[in-house]
Amino acid sequence: MRKWLILIALLLLGGTFAKAQTDSLRLGYSAQGNVVDAATGRPLESVHVSIPGRHQATVTNADGFFIIKSDKPIDTITCSYMGFRSKTVKGGSNLWIQLQRESLLLAEASIITGDPKSLVQEAVGRIWETYCTQPQLLECFYRETLRKQNRYTYVAEAVARIYKSAYNGYVSYDAAALEKSRVLVSQRRTDTLSVKTQGGPNTAITMDIVKNNAILFNKEDMDLYSYDMLPPTYIGDRLQFVVRMTPMAIVDYALYNCTLYIDRELLTFTRIEASLDMRDRAKAVRVMLVSKPFSLRFIPEECSVVMNYRQENGKTRLEYFRSTMRFACDWKKRLFRTKYTAVNELVVTDVRPEAQPITRQQRFRMGDFLPDMAPLFYDPDFWKDYNIIEPSESLEHAIKRLRKN
């Protein structure tokens, strides 16, 4: 039916590495720093960092660190994060940005009432008018990683273009193309994983839940869930309704546990958190797995996605996508399982001025695998002309170890 739509990440380790195309933007100005919780000092991950009045953006890494680049001097930057007040500061090279938690006023909290299912249905009905009605060409940074236990065995990165047709169109018109990419793979034979799933930047296209209503927002599936109103929260400076969707029916395919954040004024989906229902592991396996050796057992543990959407020029578009898949594998003749964590992450770093469609020859196809299309990972200045998600300290350490091997 539509089970391929939730194929979350990843990987086919190994392969022949082809030369990638480049399209340098020559971003000569930058601002960098750390974003933390003002109350605790804890680093904040996935904070959206943007330049007011421009399309350029990025997110903080797991250490709360970011670098944002531009072709013009950066006077100010704005940081926004769920549950915290947005903050605009002057650009600089060693910023320490403390975000304050946003407290809800009783008057605001008291108006969050009503039927949560009707609220979701109304937001779904408004997609065609509140989201982008014209095609867009998005520049994105994409990273996928695989960890075996707690050790990274694979890192791939790419700058990609994603063509998004209007939200009153079809997801089949959307496409991705690689501009520049690189990969680093462990050379240990014991790290080679024979499990095959699909990934790449296309994952953010097929899993755009707001646009691709075959996943969740169709009448047939929406009637399979119960709806609960949760306490409201802020994303940036905007108050959000929060609705939880929980499967309440048994069907022949896996459903999701979802938390939806809906802008109170615009009734647009600002954030969606969805995780595959793992109560029936056989259904989860059919969703997550493409192929494996016959004697290998695949044990699913988690398959989840997070999507953030951004309001810009009166319309809403995709801003950030992250998928996480946790699973264990063992061979039938062995006693111990090996646990794996696969993560795909994509952030929209710029919006091209002209939405030129991606040609058929340039497209990253559903059957493509990033390791087969990317060169090796050695140039330290590989991304100097692009906005990216900076690697965390642990990922930088992993990259150094993989290079040595």
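## A bridge at Asp 330

Asp 330 and Arg 337 join their side chains in a salt bridge, with 3.7 Å from N to O. A salt bridge here is a side-chain nitrogen of Lys or Arg within 4 Å of a carboxyl oxygen of Asp or Glu. Asp 330 counts as buried, at 4% relative accessibility. Buried means under 20% relative accessible area, exposed over 50%, and partly exposed in between (1.4 Å probe, protein chains only).

## Basis of the model

This is a predicted model: local features need pLDDT of at least 70, side-chain atom pairs count only at pLDDT 80 or more, and totals for chains, interfaces and linings use all residues. Residues are numbered from 1 along each chain as its sequence is written, and side-chain values use heavy atoms, leaving out hydrogens and water.

## Bridges across the sequence

The whole structure holds 26 salt bridges. One of them links Asp 37 and Arg 101, at 3.4 Å from N to O. Asp 37 sits in strand S1 (residues 29-37) and Arg 101 in the loop between strand S7 (95-99) and helix H1 (106-110), so the pair ties together parts 64 residues apart in sequence. Helices (H or I, at least four residues) and strands (E, at least two) are DSSP runs, numbered from the N terminus. Asp 37 is buried, at 2% relative accessible area. Arg 101 is partly exposed, at 48%.

Lys 117 pairs with Asp 223 in a salt bridge, their closest N and O atoms 2.9 Å apart. Lys 117 belongs to helix H2 (residues 116-125) and Asp 223 to the loop between helix H5 (219-222) and strand S11 (225-235), so this pair ties together parts 106 residues apart in sequence.
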